[in-house]
Amino acid sequence: MEDRRAAEDLTLRLDELAAGLTDPDCDLDDLADIEEELVAARRQELIPYLERHLAAAVEAGNWYARHVLARILAETAGRTSLAALLRAFSRDLGDDQDSLSTTIYVLAQEDPTAARDILLPCAVGTDEDLRKAAIWLLGFVAEPADLDLLAHAAQDSDEEIRSAVVGTLSSHKTEPAAVDLLLQLLDDPSPHVRISVLSSLGFLQQPRTLRKICLLANDDDPRVRAWVAIALGRFPALEPADLTTSAVLDQLAADADPYVRDHAAEARQRTLRS
């Protein structure tokens, strides 16, 4: 009976916290005290209530309430909270979400098999926000079998989905099929996606990608042209015979856009020092 009463008291404290998080005049120190009390309690009976309050906070667009409630849920439920936390994370409420993204990444890596059971259905679902978040998190528990899913997602009409695909493909490192998909995405209509691909290919430093990277030196978007220079600058020192890449850097160093010229000069210096 006493244990049940304690759980009921904590439920009331959770309700008090959730109400306070919606009140702009509430004392933040008082809320912090309740937060720490609930974290320390780690009562499993609170999990469904935490999930409901967290979902309500996200629906209301309250990023601070999401931050607080997600922390309590993660501390209380551990990796079994991943599905609820992923749903909460997937909604853009205008904050940077650094702590929540770290939390779900850590939980996913604690049990990759269980995490993938959650992520794979979300990554092919109809909720675009959840799909994007799941594709991103798959990059931390990657398996070769994901490449078919990623190839399909790379054709999505939403450029944010395609951009998430780029990041996850990078987790497959130099796997030939993954590099092939990245090369295909260099033709993406979105400059944002093309830039993401150039960043990934620069880190991978695969010689067979140089030709396609160099083709984007004539891209209409100056940010893309600048990232061509950045990507080339990450490759090892240019061989004397590598006249094409050297010529591309010379071209970019004479670009009409000063941002492009600056990055081309930096890339040239890096390749000379390597």
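Colleague: In which helix does Y64 lie?

Modeller: This is a predicted model, in which local features need pLDDT of at least 70 and side-chain atom pairs count only at pLDDT 80 or more, while totals for chains, interfaces and linings use all residues. Residues are numbered from 1 along each chain as its sequence is written, and side-chain values use heavy atoms, with hydrogens and water left out. Helices are DSSP runs of H or I of at least four residues, numbered from the N terminus, and on that basis Y64 lies in helix α4.

Colleague: Is R66 buried or exposed?

Modeller: R66 has its place in helix α4, which covers residues 63-77. Buried means under 20% relative accessible area, exposed means over 50%, and partly exposed is in between, with a 1.4 Å probe and protein chains only. Because the relative accessible area of R66 is 1%, R66 is buried.

Colleague: Which side chain joins that of R66 in a polar contact of 3.4 Å?

Modeller: A polar contact is a pair of N or O atoms within 3.5 Å; within protein, one must be able to donate a hydrogen and the other to accept it, and residues adjacent in sequence count only if both atoms are side-chain atoms. A polar atom of the R66 side chain lies 2.8 Å from the backbone oxygen of A88. The side chain that R66 joins in a polar contact of 3.4 Å is that of Q97.

Colleague: Which residues is D156 in contact with, leaving aside its neighbours within four places in sequence?

Modeller: D156 sits in the loop between α9 (146-153) and α10 (159-170), and D156 is buried, with a relative accessible area of 13%. Taking contact as heavy atoms within 4.5 Å, and leaving aside neighbours within four places in sequence, the residues in contact with D156 are E128, R131, I161 and R162.

Colleague: How many of the 12 residues of α14 are buried?

Modeller: Among the buried residues of α14 are V224, R225 and L232. The helix α14 is largely enclosed by the rest of the structure, because the number of its 12 residues that are buried is 9.

Colleague: How far apart in space are T113 and V141, C-alpha to C-alpha?

Modeller: T113 has its place in helix α7 (residues 112-123), and at 57% relative accessibility T113 counts as exposed. T113 and V141 are 28 residues apart in sequence, and in space, C-alpha to C-alpha, the separation is 8.2 Å.

Notes:
Helix = DSSP H or I, 4+ residues; strand = E, 2+ residues; numbered from the N terminus.
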